[in-house]
Amino acid sequence: MEIVKNKCIPGNFEKFAQLVNPAVIEIVLDYVSLCNPKSIFVCTDSARDREYLRTQAVEKGEEIPLAKSGHTVHFDGYFDQARDKGATKYLVSPGEYFSKYINNIPKEEGRKEIRGLLKDSMAGKEMIVCFFCLGPLYSDFSRLALQVTDSYYVAHSEMILYRSAYEAFRKEKPDKFFTIIHSAGELEGAVSKNVSQRRVYIELKDNVVYSINTQYAGNTVGLKKLSLRLAIKEASQSGWLAEHMFVTGINGPGGRKTYFTGAFPSACGKTSTAMLPDETIVGDDIAFLREKNGGLYAVNTEEGMFGILQDVSKKNDPLIWDALLNSPEVIFSNVLLTKDGKVRWLGDGGPMPEKGMNFSGEWVCGKTDLQAKEIPYAHKNARYTVNLKVLENCDPAIDDPEGVNVKGIIYGGRDSSTWPPVFQSFDWTHGVITCGASLESEVTFATLDKEGERKFDPFSNLDFMAIPIGHYIKMHLEFEKKLTDPARIFAVNYFLRDEEGNFFNAKEDKHVWIKWMELRVHNDVQAYKTPIGYIPCYEDLNRLFREVVAKEYSKEDYLKQFTLYTQRLVTKIERIKNIYHGLIEIPSLLFDVLQEQRDRLDEAERQFGEVIAPDVFIKG
Ligand code: SPV
Ligand code: MN
């Protein structure tokens with residue numbers, strides 16, 4: 001304790017003392033002696049403490065101020081630009097098993113390794129101790145979390161993204177909370193030097209995640225995906241759901257508002273769906289869901305967005321564009337910083353820049369890397385960090401401790417050939433199995449994997465699934481029993497392409513699909529009952545295209561987009577079945593429901609051939 005007291009910067013030991021929380025003290029003591037920081041800063045909810053983090057982030061070179069006050073740029077290291085799935089592992093006890101998709105390492109070995117890497121990792125640096133709440137403060141949905149880090153950028157990002165909870169810790173004195181220990185490790189300039197020693201290790205039993213030798217927020221901002229893994233485990237034990245989902249309010253006829261959640265893998269249109277013009281956003285990335293009085297309710301665990309910049313343009317994402325221009329506080333990461341203190345990102349609609357500073361250092365047009373590959377002016381995974389509450393379209397219910405009542409759930413992936421742009425499952429079970437559990441997506445730049453490859457990503461949550469997939473599916477199936485009027489489950493695909501590789505749809509078309517889903521939730525429009533689920537009727541889409549995006553929608557376009565190719569759909573079912581056959585403890589219902597879908601497709605093919613326009617089916 002004396003050591004902690006001596007290392008605390010003036011006035012900070014008292015902040016600890018006021019918590020009167022032995023669990024917090026014990027953790028901090030442990031990591032102070034292990035990581036050996038030069039000093040300790042304890043962050044309360046005060047404006048002064050928040051200002052300290054902002055100032056230090058700039059002073060230590062982790063962020064660079066932009067021309068607009070309150071806006072900064074952060075660069076991660078050249079090889080530290082996305083979530084590192086390979087280096088992310090669960091610490092498992094003997095006999096514990098997840099699945100082949102989930103990396104793990106024997107507990108003792110992993111602990112030894114990570115503690116070895118953390119040893120003296122904060123030498124010469126300050127340890128920052130922060131307190132946050134996942135979800136609205138003082139809500140049944142929410143979980144408290146303690147973050148220890150030596151990166152002001154990480155702490156500053158969290159301050160923008162999460163509800164500060166020093167007071168909540170002081171009042172509630174929890175002995176159970178999520179703990180995230182992060183060190184950027186040895187630095188070169190302001191970035192992590194030893195990225196080959198990057199590790200993200202998860203210890204489910206004690207609710208701890210360790211992260212070292214990395215700064216990229218997906219690996220370090222502990223309240224995001226690191227805590228999601230802990231939450232999934234806890235949810236599975238307590239009958240609620242922790243999901244990689246946005247939450248958004250969609251306005252319907254007669255002034256009603258219908259809440260949707262949507263699970264999409266990274267970089268598949270999740271944030272832009274959550275931020276549609278004239279609708280209201282509750283959250284864009286992580287939701288906790290519970291049943292209450294027979295209804296499905298959701299909260300956003302965050303209060304900000306760590307969003308992708310690539311292709312955000314004034315035309316396609318007007319609300320995000322405005323947020324980036326006008327928010328009082330924004331951190332841009334891995335963009336191009338120009339000499340007039342402005343930023344550029346790929347697909348921002350501007351001319352090709354000539355020079356500036358980017359994730360590779362000083363950049364000039366034509367600069368190449370060691371493999372002679374041209375370095376783009378900004379990284380594809382360049383991001384922005386903003387608070388939602390400063391946005392005009394932030395839903396007033398964002399802080400409601402009761403959550404919002406969800407009526408529709410959407411699953412979407414990046415699929416160039418198979419799923420139509422939007423359809424509705426027959427019921428909850430059918431949706432869970434043929435949409436959620438069957439989700440696949442072509443890999444994007446948001447993880448360090450090979451781009452373009454089609455990957456199985458059930459519920460868009462595979463990367464974070466801290467329990468065996470079979471348990472996760474069972475949990476979703478059983479959840480329905482608690483609901484008096486289960487939410488409708490939909491699937492979308494914004495990435496369908498023609499033979500030449502051109503997208504069938506414009507970006508704004510997603511707004512039409514979700515308005516159609518809103519009408520379906522309330523049984524306001526009919527749809528064709530096809531072998532895969534309900535598909536929109538042309539007349540309804542034609543009207544919605546005019547009303548929502550002021551576009552003429554031709555029957556020809558409709559047929560191109562919604563025609564079913566039975567062979568592609570059957571191949572997908574077989575692919576998914578094969579994957580599940582290779583896993584353990586998968587509910588047999590999953591195979592039955594997939595087989596029924598296959599049978600329906602076979603029957604339709606016998607009747608109508610392999611290429612079927614939706615309007616041959618009856619309306620229901
Ligand atoms: C995602 O990649 O799904 C994100 C960003 O939302 S992060 O998980 O933080 O890398
Ligand atoms: Mn995400």
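Q: How do the axes of helix 4 and helix 6 cross, and how far apart do they come?
A: In this predicted model, the axes of helix 4, which covers residues 47-59, and helix 6, which covers residues 152-161, come within 9 Å and cross at roughly 140 degrees.

Q: Okay, and what does that make helix 4 relative to helix 6?
A: That angle makes helix 4 oblique to helix 6, and the crossing of these two helices is left-handed.

Q: Which residues make the contact there?
A: From helix 4 the contact is made by Arg50, Tyr52, Leu53, Arg54, Gln56 and Ala57, and from helix 6 by Tyr152, Tyr153, Ala155, His156 and Met159.

Q: And how does that contact split by class?
A: Between helix 4 and helix 6, the contact has 7 nonpolar, 2 polar and 2 charged residues.

Q: Switching topic, which residues are around ligand 1?
A: Around ligand 1 are Arg83, Tyr216, Gly218, Lys224, Lys225, His244, Ser266, Asp285, Phe306, Arg383 and Ala446.

Q: How far is a polar side-chain atom of Ser266 from an oxygen atom of ligand 1?
A: For Ser266, a polar side-chain atom lies 2.5 Å from an oxygen atom of the ligand.

Q: What about Tyr216 and Asp285?
A: A polar side-chain atom of Tyr216 lies 3.1 Å from an oxygen atom of ligand 1, and an N or O atom in the side chain of Asp285 is 3.1 Å from an oxygen atom of ligand 1.

Q: Back to helices: at what angle do helix 17 and helix 18 pack?
A: Helix 17, residues 566-581, and helix 18, residues 588-608, pack at an angle of about 160 degrees with their axes 10 Å apart, which makes helix 17 roughly antiparallel to helix 18.

Q: Is that crossing left-handed or right-handed?
A: Helix 17 passes helix 18 in a left-handed crossing.

Q: Which residues meet there?
A: Among those in helix 17 are Leu569, Val570, Ile573 and Tyr580, and they meet residues of helix 18 including Leu590, Phe591, Leu594 and Leu601. The residues of this contact between helix 17 and helix 18 divide into 9 nonpolar, 5 polar and 5 charged.

Q: And how does helix 12 pack with helix 18?
A: Helix 12, residues 428-436, packs with helix 18 at an angle of about 85 degrees, their axes being 10 Å apart, and that makes helix 12 roughly perpendicular to helix 18.

Q: Which residues make that contact?
A: Thr429, His430, Ile433 and Thr434 of helix 12 make the contact with Leu589, Leu590, Val593, Leu594, Gln597 and Arg600 of helix 18. By class, the residues of the contact of helix 12 with helix 18 are 5 nonpolar, 4 polar and 1 charged.

Conventions
Residues are numbered from 1 along each chain as its sequence is written. Chains are lettered from A and ligands numbered from 1 in the order in which they are written. This is a predicted model: local features need pLDDT of at least 70, side-chain atom pairs count only at pLDDT 80 or more; totals for chains, interfaces and linings use all residues. Side-chain values use heavy atoms; hydrogens and water are left out. Axes are lines fitted to C-alpha atoms, for helices over the stretch in contact, and angles run from 0 to 180 degrees between N-to-C directions. Helices (H or I, at least four residues) and strands (E, at least two) are DSSP runs, numbered from the N terminus. Angles under 35 degrees count as roughly parallel, over 145 as roughly antiparallel, 65 to 115 as roughly perpendicular and the rest as oblique. A crossing is left-handed if the near helix is turned anticlockwise from the far one by less than a right angle, and right-handed if clockwise. Contact means heavy atoms within 4.5 Å. Ala, Val, Leu, Ile, Met, Phe, Trp, Tyr, Cys and Pro count as nonpolar, Asp, Glu, Lys and Arg as charged, and the others, Gly among them, as polar. A residue is near a molecule or strand if one of its heavy atoms lies within 4 Å of it. A polar contact is a pair of N or O atoms within 3.5 Å; within protein, one must be able to donate a hydrogen and the other to accept it, and residues adjacent in sequence count only if both atoms are side-chain atoms.
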